[in-house]
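Open the model in a viewer and follow the stops below in order. Each one says what to select and what is found there.

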Amino acid sequence: MLNPMDMTNRRILVTGASSGIGRETAVLLSQLGARVILVGRDRSRLEGTLSLLDGSSHRVEPHDLAELDEIPAWLKSLSQEFGAISGLVHSAGLQMTLPLHRVTAAQVSKLVEINLTAAIMLAKGMRQIEVLASPGSLVLLSSVVGLVGSAGRSVYSSTKSALVGLTKSLALELARDGLRVNCVAPAFVSTPMFEEAKNRLGAEQISAIEAAHPLGIDTARDIANSVAFLLADSGRWITGTTLVVDGGYTAQ
Amino acid sequence: MVLSDLLAMRGVNLVLRAQELKQVPYRFSGECRRKNMERNEKHMTNVEFLNEIDAIIEAKPGTTAMDDQLASLASWDSMATISFIAMADEKLGLALNADQLASCKTVGDLVKLCAGKVD
């Protein structure tokens, strides 16, 4: 049976694979035949993801992306060990909700480092001739708040908005290398992070959040489906785009 | 500004990960344990607590008193609530939630919510 999203034996690296969208993406990619490299800070949580994957040729790779300058060399060493990489998903990220008058420059720098600079360095590493199994695909995780405003989330939304611009410029620059670059912008999905947020936000805010999604709050699998679509040959003529997957959040 | 106003301004996408605001990601579990120990040792005096409330509502130090009604503080809104939860996490090592804060009527009630961390 024809499967346009088949990724049999393709090596794909997923950052933030310990939980949420990163974990769900890794699971789906394994079900589509990919060999997945799971990246996160905590080995035991990555092994939790590994236990959910189909197939056996996956790898757990604990790594701290805060070591930004090391990222290209680290990707080169990974490709030497496991083979060239045809896909990379940058799902790792930090969130912050705080009124502007409480924001510090150090907090801004931290979010920029992980959400934006790490994405740039991953792209820099991915395009290396020893690393990229061309044609390749890079997928970044933006957010609906990179597209529309959200009070109290100015720092987070600006980093996510930056990814939309980064995606377009990298798409142009890396087309000659055979590397497509796209972005997925999710709204709220049901993840451990969202479950934790429920405790913090209270019933009133949670019901308002749910009401802002005409199709309701759905699962991380809905985001993973779009990421896989952009990684696989189904997305082979798509580059520089931001795919909004939000249950109607930004339609309003 | 009340919560519903905030949400109407598309401020609905509120996720609080205050514990992620502060430091470089921990590289070693030993460092995590040390940080957790530090969190358990965090506390502040009543005066420091009131100064934090003043900072959250952008009032001069010494403005707020323990028996002040939160509803009477001009700037005590949903953003202040978010700031308070972030402050309690960062400076007191407490994970509070919005429903707990909603039940507080006075500044003193906030102190009770931080039982054992403010004296």
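**Stop 1: the sheet**

Select the strands of chain A: an open sheet of 7 strands has the order E3-E2-E1-E4-E5-E6-E9, with parallel pairing. Strands (E, at least two residues) and helices (H or I, at least four) are DSSP runs numbered from the N terminus, and two strands pair if DSSP finds at least two bridges between them. This is a predicted model, in which local features need pLDDT of at least 70, side-chain atom pairs count only at pLDDT 80 or more, and totals for chains, interfaces and linings use all residues. Residues are numbered from 1 along each chain as its sequence is written, and chains are lettered from A and ligands numbered from 1 in the order in which they are written.

Go to the edges, E3 (59-62) and E9 (242-245) of chain A; each has a single partner strand, so one side of each is left without a neighbour in the sheet.

**Stop 2: E2 and E3**

Select E2 (residues 35-40) of chain A, which runs parallel to E3(A) and is joined to it by 4 bridges. A:Leu38 has A:Val60 in E3(A) as its bridge partner.

**Stop 3: H1 and H8**

Residues in contact have C-beta atoms, placed from the backbone, within 7 Å. The contact includes A:Leu28 of H1(A) and A:Ala224 of H8(A).

Technical notes
Contact = placed C-beta atoms within 7 Å.
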